[in-house]
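Hello,

Here is the structure I promised to pass on to you. Please have a look at it first, and then read my notes below.

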Amino acid sequence: MFNMEEHHPGVPEEVWSVVRVTIDRPGCTSCESCWTLCPDVFEEDPNDGLSSITEQYRVDGNPAEGEVPDDLADCVLEAADACPVAVIIVEE
Ligand code: SF4
């Protein structure tokens, strides 16, 4: 189980086996693709209807920025590919 408490800024990313994902939320058109394809990582924000990182994977509580374990990389990449406005950025 991925544990955000273990994250230490400054430790090289490759040690972590995490995937960084960013959503340029103002550009989101709420098409529903990402949270349909990868609901573990993406969800609809009930306040503004835009895509957000699910709470468990947020960095510093930021709904636009997340770190997810490697085993979710495929679904994150699938969601990024499906995004019609390409606002999901994935860094492996
Ligand atoms: S796939 Fe892109 S446009 Fe569609 S809800 Fe997700 S972030 Fe928004």
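**What I found**

Strand E4 (residues 58–59) pairs with E5 in the antiparallel sense, over two bridges. Strands pair, in these notes, if DSSP finds at least two bridges between them. Helices (H or I, at least four residues) and strands (E, at least two) are DSSP runs, numbered from the N terminus.

Before going further, two notes on the source. This is a predicted model, in which local features need pLDDT of at least 70 and side-chain atom pairs count only at pLDDT 80 or more, while totals for chains, interfaces and linings use all residues. Residues are numbered from 1 along each chain as its sequence is written.

**The sheet**

Put together, four strands form an open sheet with antiparallel pairing, in the order E4-E5-E1-E6. E4 and E6 are at its edges with a single partner strand each, so one side of each has no neighbour in the sheet.

**The whole chain**

The protein chain has three helices and six strands, and along the sequence they follow the pattern α-β-α-β-β-β-β-α-β. Two residues are in contact if their C-beta atoms, placed from the backbone, lie within 7 Å. Among contacts between residues at least 6 apart in sequence, 60% join residues at least 24 apart. Helix H3 lies across E1, E5 and E6, and runs at about 145° to E6. For that angle, axes are lines fitted to C-alpha atoms (for helices over the stretch in contact), and angles run from 0 to 180 degrees between N-to-C directions.

**Buried and exposed**

A residue is called buried if 20 or more other C-beta atoms lie within 10 Å of its own, exposed if 12 or fewer, and partly exposed in between, with C-beta atoms placed from the backbone. By that count, 22% of the 92 residues of the chain are buried.

What does the largest nonpolar core look like? It has 17 residues, and those with the most contacts inside it are Val21, Val41, Val68, Val76, Ala79 and Ile88. E1 (18–23) and H3 are the elements that give two or more residues to this core, and E1 provides its largest share, four residues. A nonpolar core here is a set of buried Ala, Val, Leu, Ile, Met, Phe, Trp, Tyr and Cys residues joined through C-beta atoms within 7 Å.

Ile88 lies in strand E6 (residues 88–91). Ile88 counts as buried because 24 other C-beta atoms lie within 10 Å. Leaving out neighbours within four places in sequence, Ile88 is in contact with Val21, Ile23, Cys34, Ala79, Ala80 and Cys83. Gly27 is 61 residues from Ile88 along the chain, with 9.6 Å between their C-alpha atoms.

Is Asp70 buried or exposed? Asp70 is exposed, because it has 12 C-beta neighbours inside 10 Å. Asp70 lies in the loop between strand E5 (62–69) and helix H3 (73–82), and touches Ser17, Val18 and Val19, not counting residues up to four places away in sequence.

Leu50 sits in the loop between strand E2 (42–44) and strand E3 (51–53). With 17 other C-beta atoms within 10 Å, Leu50 is partly exposed. Beyond neighbours within four places in sequence, Leu50 is in contact with Arg25, Cys28, Ser30 and Asp45.

**Around the ligand**

Which residues come nearest to the ligand? They are Cys28, Cys31, Cys34, Ser51 and Cys83, out of the 15 residues around the ligand. A residue is near a molecule if its C-beta atom, placed from the backbone, lies within 6 Å of it. This shell divides into ten nonpolar, four polar and one charged.

Best wishes

Methods:
Nonpolar A, V, L, I, M, F, W, Y, C, P; charged D, E, K, R; others polar.
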